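Please keep the sequence and the structure in view while reading.

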Amino acid sequence: MELYFAPLEGVTDFTFRMIHRKHYGGPDRYYIPFLTPTQTHVLAPKERREVLPAHNLDTHAVPQLLTKSSEDFNWAAQVLKDLGYGMVNLNLGCPSGTVVPKGKGSGFLADPDRLDVFLEEVFTAGVLPVSVKTRLGLRDPEEFDEILEIYAKYPLAELIIHPRTREEMYQGPLHPEYYEKAVTALSCPVCYNGDIRTADQIRALADRQTPPAAVMIGRGLIADPGLALRWLGKKPAAETFGAFCDELSLAYLERFGSQKNTLMRMKHLWSYWLEDHPQGEKLWKKMRKCNDWPTFYAMGRQILAEGDWHP
Ligand SMILES: Cc1cc2nc3c(=O)[nH]c(=O)nc-3n(C[C@H](O)[C@H](O)[C@H](O)COP(=O)(O)O)c2cc1C
């Protein structure tokens, strides 16, 4: 069973991926948060930076596209192929209110006929092997039956399933029975994604009689950057987290050229990191209120100096 780092837009950018790979590693692949190709057929500078081979060394990165236009998809797939990528992922899961009304991400699942035509055009062009990351539908998990019939018509490189509907966003119970349905219906590898937080959970999936081809982990790997290593039976050194955190901070300061933007990015990460701290709630309240980068950085160092805690 392989393990993938999920794409998290605004979190797992190239800086995070490279520095995570350097200090921890563990995931077999790192998925790149979505690029949105447009009719202009020009990658935005921010998107180009994300996919530059030099920014993805050794991460076995898989780029992801968010679009409902097969023409734009095929164009972007060719750009990615020219950069050396061997696979591209289609985002059919994004639940965002700015994406779904445009019929993209999980919004595309509302129109199975159109999705069918899109996939036909993408697989006929055959620019690169294509994997799909999907939800079950918009409102009702049963919508997935019809969607699955469409996936079964095409030679997907892999199907990654987050077994929730768009309405369920990222909370509430998952519907793993639809993952099982997909395994039965499809001949391609099927990857399970959703709410995996501990090495025991990963082990339980790997130990099944028929384990998933892969598991994809997002928030669990942010909250515990050593989770994949732990599953592999390795223990990250005590000083690893401090070094990881310092290198991230310096890299963002340099890249953003702004203490304010660095503070925002590191705050987001600390909100995950403090989840399992014994005084996490109290500490997070203080850190959340802090609007000054040097003070915020010192707070983080103080937390690490005070005990043998790390995420
Ligand atoms: C802040 C945030 C950003 C995300 N960005 C993306 C994205 O760019 N592409 C994508 O396919 N999924 C995205 N997701 C979904 C995650 O990849 C993943 O499917 C989701 O978090 C569930 O997995 P988890 O429970 O292991 O976190 C995002 C989720 C969050 C919370």
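## A residue in a loop

Is Arg197 buried, partly exposed or exposed? The model is a predicted one. In this model Arg197 has a relative accessible area of 34%. Buried would need under 20% and exposed over 50%, so Arg197 counts as partly exposed.

Arg197 lies in the loop between β8 and α7 (199-206). Leaving aside residues up to four places away in sequence, Arg197 touches Arg219, Gly220, Ala223, Leu227 and Glu275. Tyr4 is 193 residues from Arg197 in sequence, and the C-alpha atoms of the two are 13 Å apart in space.

## Strands side by side

Strand β9 covers residues 214-217. Strand β1 (residues 2-5) is joined to β9 by four bridges, and the two run parallel. Within this pairing, Glu2 is opposite Ala214, and Leu3 is opposite Val215. Strand β8 (residues 190-193) is also joined to β9, here by three bridges, and this pair runs parallel as well. Tyr192 is opposite Val215.

Which way do the residues of β9 point? Ala214 and Met216 point one way from the strand, while Val215 and Ile217 point the other way. All of these residues are buried.

## Two packed helices

Two packed helices are described by the angle between their axes and the distance between the axes. For helix α3 (residues 70-82) and helix α4 (residues 112-125), the angle is about 30° and the axes are 9 Å apart. Angles under 35 degrees count as roughly parallel, and α3 and α4 are therefore roughly parallel to each other. Their crossing is right-handed.

Which residues of α3 and α4 meet? On the α3 side they are Ser70, Phe73 and Asn74, and on the α4 side Phe118, Glu121, Val122 and Ala125. By type, the residues of this contact are four nonpolar, two polar and one charged.

How values were computed: Residues are numbered from 1 along each chain as its sequence is written. This is a predicted model: local features need pLDDT of at least 70, side-chain atom pairs count only at pLDDT 80 or more; totals for chains, interfaces and linings use all residues. Side-chain values use heavy atoms; hydrogens and water are left out. Axes are lines fitted to C-alpha atoms, for helices over the stretch in contact, and angles run from 0 to 180 degrees between N-to-C directions. Angles under 35 degrees count as roughly parallel, over 145 as roughly antiparallel, 65 to 115 as roughly perpendicular and the rest as oblique. A crossing is left-handed if the near helix is turned anticlockwise from the far one by less than a right angle, and right-handed if clockwise. Contact means heavy atoms within 4.5 Å. Ala, Val, Leu, Ile, Met, Phe, Trp, Tyr, Cys and Pro count as nonpolar, Asp, Glu, Lys and Arg as charged, and the others, Gly among them, as polar. Buried means under 20% relative accessible area, exposed over 50%, partly exposed in between (1.4 Å probe, protein chains only). Two strands pair if DSSP finds at least two bridges between them.
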